[in-house]
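Please keep the sequence and the model in view while reading.

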Amino acid sequence: MQGTAVPSGNDMSGKNFRTVQTGQRTNGEGKQVSNKVLLATPDNEFELMRPDLTYIDLPHHLSLHEPTQSIEFVYFPNRGMVSQVVVTKDGRTVEVGVVGNEGYVGAGLAVGLSRSSVREIIQIAGDGFRMMGNALERILRSAPQLKMILTRHSGLQGMQVAQTAACNRLHDIQQRLSRWLLMTQDRVNLGVLPITHDFIATMMGTDRSTVSLAAAVLQKKGIIDYVRGAVKVVNRRKLEKSACECYAVIQQFEDDLGLR
């Protein structure tokens, strides 16, 4: 069973840890928790959250939040992946961040923001837990370690957005595609990713033919295999070598913040 580190005692540095295993926590309905934020929350603070955690399915293309809307709910995915997307006035989109079971959606609330400028949409179906934003704000007043954990994730998401923006501007499509596939696989822990070239193109702010050409190069090198509606990662090590430095930079952010 997978576990995650939990700060022990009153240590706020995150350096002293004990482990809570996936499935050892449940919400009030008895649904098992595998979201790493919820597993990393100290026992007494998780008990404050537990009655307000509602289990939900997260189907493909479900919109969790639209740009400029008030943040009504926060979401803690167990499985699946959320894309954070910037939408322009003319309807074009580009992905600036991704969230899986390592994080949560609605990060602005932890740092005092009530709105977000991005669309947050389910791109790989899964399940997880939802909580009213005002319930989280109330709980945070009595949960300093949870606040620290959520603030760290908010910082990581900001760093990820900045790095992704640089990546989209400076690196070629093959490097960007490799980085994106690695980040997606990290979050859903699947060898075969249920994604299409059209979807990848939309997320990367480019056209399908450009993505298809880059995917064909990776396939010819034996790095991935593409079947209709899915991409199989054949050689993870080669995929890492194919990616730009942005993937390693984002990983280092996570290590520095104690989030991996």
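Arg 179, Leu 182, Met 183, Asp 186 and Arg 187 of helix 5 are in contact with Cys 246, Tyr 247, Ile 250, Gln 251 and Glu 254 of helix 9; contact means heavy atoms within 4.5 Å. By class, this contact has 5 nonpolar, 1 polar and 4 charged residues. The model is predicted: local features need pLDDT of at least 70 and side-chain atom pairs count only at pLDDT 80 or more, while totals for chains, interfaces and linings use all residues. Residues are numbered from 1 along each chain as its sequence is written, and side-chain values use heavy atoms, with hydrogens and water left out.

**Helix contacts**

- Helices (H or I, at least four residues) and strands (E, at least two) are DSSP runs, numbered from the N terminus.
- Nonpolar here covers Ala, Val, Leu, Ile, Met, Phe, Trp, Tyr, Cys and Pro; charged covers Asp, Glu, Lys and Arg; the others, Gly among them, are polar.
- The axes of helix 5 and helix 9 come within 9 Å and cross at roughly 35°; axes are lines fitted to C-alpha atoms, for helices over the stretch in contact, with angles from 0 to 180 degrees between N-to-C directions.
- Helix 4 (residues 144-170) and helix 9 (residues 246-256) have axes that come within 10 Å and cross at roughly 170°.
- That angle makes helix 4 roughly antiparallel to helix 9 (angles under 35 degrees count as roughly parallel, over 145 as roughly antiparallel, 65 to 115 as roughly perpendicular and the rest as oblique).
- From helix 4, Leu 156, Met 159, Gln 160, Gln 163 and Cys 167 meet Cys 246, Val 249, Ile 250, Phe 253 and Glu 254 of helix 9.
- The residues of this contact of helix 4 with helix 9 divide into 7 nonpolar, 2 polar and 1 charged.

**Nonpolar cores**

- A nonpolar core is a set of buried Ala, Val, Leu, Ile, Met, Phe, Trp, Tyr and Cys residues joined through side-chain atoms within 4.5 Å; buried means under 20% relative accessible area, exposed over 50%, and partly exposed in between (1.4 Å probe, protein chains only).
- The largest core has 31 residues, and Leu 177, Trp 180 and Leu 239 are among those with the most contacts inside it.
- Helix 5 gives the most to this core, with 7 residues.
- Leu 239 touches residues including Ser 178, Leu 181, Leu 218 and Val 233, not counting those up to four places away in sequence.
- Another core, of 27 residues, lies apart from it and includes Leu 38, Leu 53, Phe 129 and Ile 139.

**Salt bridges**

- The whole structure has 9 salt bridges (a side-chain nitrogen of Lys or Arg within 4 Å of a carboxyl oxygen of Asp or Glu).
- Asp 186 and Arg 236 form one of them (2.7 Å, N to O).
- This pair links distant parts of the chain, with Asp 186 in helix 5 (residues 173-188) and Arg 236 in helix 8 (residues 236-242), 50 residues apart.
- Arg 138 lies in helix 3 and Asp 52 in the loop between helix 2 and strand 3, so the pair ties together parts that are 86 residues apart in sequence.
- Arg 138 is partly exposed at 41% relative accessibility, and Asp 52 is partly exposed at 25%.

- Gln 123 is in strand 7 (residues 119-132) and is buried, with a relative accessible area of 4%.
- Beyond its neighbours within four places in sequence, Gln 123 is in contact with His 60, His 61, Met 81, Ser 83, Phe 199 and Met 203.
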